[in-house]
Amino acid sequence: MSETSEGAPHDVSAVLSNPGLLVAAEPGRALELLERARDAEARFVAAVYRSSVDVHRTLGAGLRRQVLALDAARLGDRELAAWFAAAELPGEAPAAWTADWASGPDHRLLRTLVGHDGPVTAVATAVVDGTPVAVSGSRDATVRIWDLATGVPFHHPVTGPTDLVSSMTAEVRSVATAVADRKPVAFTLYADETVLVWDLATGRAAGECVRFVESTELDGRGVVLTRGGERTLCVWDLLTGRQVGSFPWATGLGTLDGRRVVLTVDCIDVDRTVRVWDLSTGSELGESLTVVRTAVLDGHLVAFTSEADRAPRAWELSTGRPVDIAPDDDPARSEAEAEELPAVSTVTVVQGRVVAVGLDHEEPELIGDLALARENGVSVRGQETAALAGCTVALTAGVDGTLRIWDLTTEHPRTDGMRVIDSIAPEGRPPVPTADSAPSADSAPSVDAEEQGPLWRLLSGRENGGSNRGSTVQVGSRAVREEGAVVLTAEKDGTVMVRATNGLPVGRPLTGHTDRVWSMDITEAEAEGQAEGEPGATLAVTTALDQTVRVWDVAAGRQHGSPLTGHTGQVWDVSTTTAAGRPVAVTAGADHTLRVWDLADVRETGLRGAEHTGSVLAIATAVLEGRSVAVTAGADRTLSTWDLTTGQQAAAPVTDLEGETAAMTTAVVDGRVVVVTAGPGATLRVVDLAGGRDVHEPVLTHHGRVLAIATATLDGHRVAVTAGSDRTAAIWNLATGRQIGEPLTGHTSRVTAVATTVLEGRPVAVTGSWDKTVRLWDLATGQQIGEPLTGHTDWVTSVATTVVDGRPAAISKSRDKTVRLWDLATMRQTGGAQPSGTDPNGTVAVTVRDGRPVVAIGHGRTVEFWDPTTGREADEQYVLPLPVDLLSTAPCGRLVVAFGPEIAVLRPTSPS
């Protein structure tokens, strides 16, 4: 069997006939080979491989086999899952666990881009040398450029500005791309309001967008004043574009004796020294003096300065002139006047006159007839653009020391979906206003952010970073409306409104989101039955605070396929492009990933129809109408019921949950299977699983917030034991909703975990708390049994019960990253503490295999197995493509695993 020099086969038929060969091959080459194939089987195997390609690169062949089998089950092909699971690998034992079935992922997911260490807040797309790329920004303060064809970084990550005072690097807030002077560039907006420009071909900084302050004349030459990072005021020669002056930490401008001057403050200096400079020559004017105290004399503010080798002086600050008063005089002033005195720390004296003052907690100020309004450059927002000589422009200070003026007018064409902008030269433009000339309405600079819009909005023409002003798009000829151009606006109720350019609604709103739309972008896709040469359907892709991504056919006014699911947190941004001739969307998520989606594929898989669109928050198992089922509660505020054998929907979803479920369990009450849920507050709800109706009115508990629930049988009645943030546990009759007895008190911090078992014929509860203890309770008496079980050094986050060697036992997991086993009959720890991985908040469950208990511990992307009888590892860890959130046991030794919005049912394949 032939292989490449890198160890990957080059014959697709060979890898499709030998799972071991495919599993052992180098992931990048294997996927490349599969994607070149044209037959349906190879393309489906490629889709399976793509589902977790970011994970495959980090795994050995044994674990990769496991993930490939799981992903085949996630895409609904059990035979392919078994084919992968049975792959024979040299030096590897057969897989100990395999997936019976799994939900998701969305079949339209092309790949996941992993590398950011924080939530990804912004994304834009571009084309570099014919290659489609994504540019992403994150709260980890980096910008990354990705090759969308391969999913690998296009360049090394780059970081933005670092504040000299705090040494903090700013987070990325927004990203936009454009073609500037025939080069693809990206603009990144940071939390400190800096906007940097990046050359996408090299991955290097190309400059910084600066705020236009004013244009004027200095010594007979036309100049432009700008404000940039570290609040630096720069002076640029309009004829050459070269920088001729620079003043860091500038706070004001003025005219002194016919000379333009600039006020600066040294923010690194403890004393915040204030200086005045000649704007034309760059030389400092006067001297800075320290103020020892201030006083009010005859209603005028007086500052006393101290200087070496000179007697102290007093200055009347409203005029800047010296006054004849001794520093040891104590001018009479009221307490009210004293409290209102500004904290003046320094003054700057030029030719015997104070022209500027430094304030301890406010901006330094020019005083007297030099005082200027703040809009003359004191309060600067780096992302704003300006109107210069009749053009809407952006100014960029390049790394080569030149100033570029970019024309942002909307008439410019687009290249590869990006706005084309060109630099303009000052020659031939109307003359700029000078300091001596009165600016006209046509030539006066304007910096109206509301009118001009932020820079990235002008460049990208799409919604980005949470703005909901709207996106203007040209609808294709298949549209039913004649006006062509429409505006999409995000409304407060979560809908997207299609409007004509005059603002009037056109057709019905696009409905589906349940919360505010946060970002949107537009693209085109071929429509079904589309004639050759006819424009495709206009698609809008939106993300919302409900954590979903939806695609809309703008002309038809309806949703295009089901929501795109896979992100496990808020989706902050979206951008569209074309890759391999197909429209794709790139979404940026709080789960630190970017995901690439195929927008042309709207096939419905028809597998289960109960998938969650948000993370699974709670899970429980039950027997419903003779079938073993799992019940899951999602961040999408729905309950879904899954047949554990087939993966099909076993009951209608419950969709009227109030808030996200914090805890959940199941029980049988009066012959009915019920699910008990607790929302974000202190209320319990008992729902008939088959009918979806409440058994009785919701129960208001005293907990403040219910954090855990378990069930038991007490005196022949099914009861729920709840644990809460009020440091107590409580017992509730599930048939009536009434509390039984008094709260169980003893913990000194919130109770985060609860489990039940039977000890010497008595129903008991085991609780874990932030007070680092595990406690045992007699449910019949409501009393604590024995002393607290101690040993953990941090919060107890999970507890479970089992039987070890015929004796009831409890297992606890703590934020100290250990798992401990407790003999409930002796109230002592058995064996030593077992490490539980690196995740301090992982989950734990106990199943039975070959008649022996096995502890499953979830942390990160893995499930580890521990034999409590021997204290040793029971099986090889099981790796999943997303972090493990929850574990629950099921009949026949199976485990139900929740990871992100998906679940999988794992079963042991052979005796351990």
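Q: What makes the way α4 passes α6 a right-handed crossing?
A: A crossing is right-handed if the near helix is turned clockwise from the far one by less than a right angle, and left-handed if anticlockwise; α4 passes α6 in the right-handed way. This is a predicted model, so local features need pLDDT of at least 70 and side-chain atom pairs count only at pLDDT 80 or more, while totals for chains, interfaces and linings use all residues. Residues are numbered from 1 along each chain as its sequence is written, and side-chain values use heavy atoms, with hydrogens and water left out.

Q: How do the axes of α4 and α6 sit relative to each other?
A: Two packed helices are described by the angle between their axes and the distance between the axes. Here α4 (residues 40–51) and α6 (residues 61–74) have axes that come within 9 Å and cross at roughly 115°. Those axes are lines fitted to C-alpha atoms over the stretch in contact, with angles running from 0 to 180 degrees between N-to-C directions. Helices (H or I, at least four residues) and strands (E, at least two) are DSSP runs, numbered from the N terminus.

Q: Which residues make the contact between α4 and α6?
A: On the α4 side they are Val48, Tyr49 and Ser51, and on the α6 side Arg64, Leu68, Asp71, Ala72 and Arg74. Contact means heavy atoms within 4.5 Å.

Q: How do you know whether Cys209 and Cys892 are buried or exposed?
A: Cys209 has 4% relative accessibility, so it counts as buried. Cys892 has a relative accessible area of 70%, so it is exposed.

Q: What makes a set of residues a nonpolar core?
A: The members are buried Ala, Val, Leu, Ile, Met, Phe, Trp, Tyr and Cys residues joined through side-chain atoms within 4.5 Å. The largest one has 49 residues, of which Phe84, Val863 and Tyr878 touch the most other members. Its largest share, six residues, comes from α4. Apart from it lies another core, of 20 residues, among them Ala124, Ala186, Leu196 and Val420.

Q: Why is Arg727 called partly exposed?
A: Arg727 has a relative accessible area of 45%, so it falls in the in-between class. You'll find Arg727 in the loop between β49 (717–724) and β50 (729–733). The C-alpha atoms of Arg727 and His747 are separated by 5.6 Å, though the two are 20 residues apart along the chain.

Q: What is there to say about the phi of Arg727 and Met827?
A: Most residues other than glycine have a negative phi. Arg727 has a positive phi of about 75° although it is not a glycine. Met827 also isn't a glycine, and has a positive phi of about 60°. Met827 is in the loop between β58 (818–823) and β59 (828–835).

Notes. Buried < 20%, exposed > 50% of the residue type's maximum accessible area, 1.4 Å probe, protein only.
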